[in-house]
Amino acid sequence: MQVDFYHQTSPLDRVLPRIAERVVQTGGRLLIVAEPEEQRVALDRLLWSYAPESFLPHAQVGSNDDTAQPILIAQNIPETAPANAARNVAVVDGRWRDLILTFDRAFHIFDDEAIREARLAWKALADHDDVERRYWKQNDSGRWEKAA
């Protein structure tokens, strides 16, 4: 299991679509988790329109045939497997959830406001031999650099 911590300094709309593209291009499925409804609505719009030449097939949980969606947007991580059978999860509201560890790969995306919680999660995962942790931070030009 791999957990990538992404400490973002640029807006989420510049970070998430690239991660989602890579997951889908490799044949994977993704569950995107954001608790606030307004954030989920904004993510839904973003994935439809983030680039004129791109399209990321997706839906919000319960709004379409969830099983057919490569990308699902949800309020929380389900106790059982997501309806789209995603093995990748992107948590974009900055809140750590232990159910992240039920996936093969996780992207924990947070900003400066959520850094304390992310650091606590990072430290807690140090005791998990089956978890590979990576910490990415954006530099001043917006490029990702591996920090740990």
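A residue counts as buried under 20% relative accessible area, as exposed over 50%, and as partly exposed in between, using a 1.4 Å probe and protein chains only. At 14% relative accessibility, tyrosine 135 counts as buried. This is a predicted model: local features need pLDDT of at least 70, side-chain atom pairs count only at pLDDT 80 or more, and totals for chains, interfaces and linings use all residues. Residues are numbered from 1 along each chain as its sequence is written, and side-chain values use heavy atoms, with hydrogens and water left out.

**The sheet**

- Helices (H or I, at least four residues) and strands (E, at least two) are DSSP runs, numbered from the N terminus.
- Eight strands form an open sheet in the order E3-E4-E2-E5-E6-E1-E7-E8, with mixed pairing.
- Strand E3 (58-60) and strand E8 (144-146) are the edge strands, and each pairs on one side only.
- On average, neighbouring strands of this sheet are turned by 20 degrees against each other, direction ignored.
- Two strands pair if DSSP finds at least two bridges between them.
- Strands of a sheet pair through backbone hydrogen bonds, either parallel or antiparallel.
- E1 and E6 run parallel and are joined by six bridges.
- Histidine 7 has phenylalanine 110 in E6 as its bridge partner.

**Strand E2**

- E2 pairs with E4 in the parallel sense, over four bridges.
- Opposite isoleucine 32 stands isoleucine 73 in E4.
- E2 and E5 also run parallel, joined by four bridges.
- The bridge partner of valine 33 in E5 is valine 91.
- In a regular strand the side chains alternate between the two faces of the sheet.
- E2 is covered on both faces: Leu30 and Ile32 on one side, Leu31 and Val33 on the other, are all buried.

**Helix H1**

- Helix H1 spans residues 16-25, and its buried residues are Leu16, Pro17, Ile19, Ala20, Glu21 and Val23.
- Contact means heavy atoms within 4.5 Å.
- The cover over the buried residues of H1 includes E1, strand E2 (30-33), helix H2 (37-49), strand E4 (71-74), strand E5 (88-91) and strand E6 (105-110).
- Axes are lines fitted to C-alpha atoms, for helices over the stretch in contact, and angles run from 0 to 180 degrees between N-to-C directions.
- H1 lies across E1, E2, E4, E5 and E6, and runs at about 175 degrees to E6.
- Glycine 27 follows H1 and has a positive phi, near 85 degrees.

- Aspartate 4 lies in strand E1 (residues 2-7).
- Aspartate 4 is buried, with a relative accessible area of 0%.
- Leaving aside neighbours within four places in sequence, aspartate 4 is in contact with Arg105, Ala106, Phe107, His108, Arg134 and Trp136.
- A polar contact is a pair of N or O atoms within 3.5 Å; within protein, one must be able to donate a hydrogen and the other to accept it, and residues adjacent in sequence count only if both atoms are side-chain atoms.
- The side chains of aspartate 4 and tryptophan 136 are joined by a polar contact of 3.1 Å.
- Arginine 40 is in helix H2.
- Arginine 40 counts as buried, at 10% relative accessibility.
- Leaving aside neighbours within four places in sequence, arginine 40 is in contact with Ala34, Glu35, Gln60, Ile73, Ala74 and Gln75.

**Aromatic rings**

- Rings of Phe, Tyr and Trp (its six-membered ring) pair if their centres lie within 6.5 Å; planes under 30 degrees apart count as stacked, over 60 as edge-to-face and the rest as tilted.
- The count by this rule comes to seven aromatic pairs.
- Tyrosine 6 and tryptophan 136 form a stacked pair, 6.2 Å centre to centre with 15 degrees between the planes.
- Tyrosine 6 lies in strand E1 and tryptophan 136 in strand E7 (residues 132-138), so the pair ties together parts that are 130 residues apart in sequence.
- Tyrosine 6 and tryptophan 136 are both buried.
- Phenylalanine 110 and tyrosine 135 form a tilted pair, because their ring centres are 6.1 Å apart and their planes are at 55 degrees.
- This pair links distant parts of the chain, with phenylalanine 110 in strand E6 and tyrosine 135 in strand E7, 25 residues apart.
- Phenylalanine 110 is buried, with a relative accessible area of 1%.
- One aromatic cluster is formed by Phe5, Trp96, Phe110, Trp122 and Tyr135.
- A charge sits over a ring if NZ of Lys or CZ of Arg is within 6 Å of the ring centre and within 35 degrees of the ring normal.
- The charged end of arginine 133 sits over the ring of tryptophan 122, 4.1 Å from its centre.
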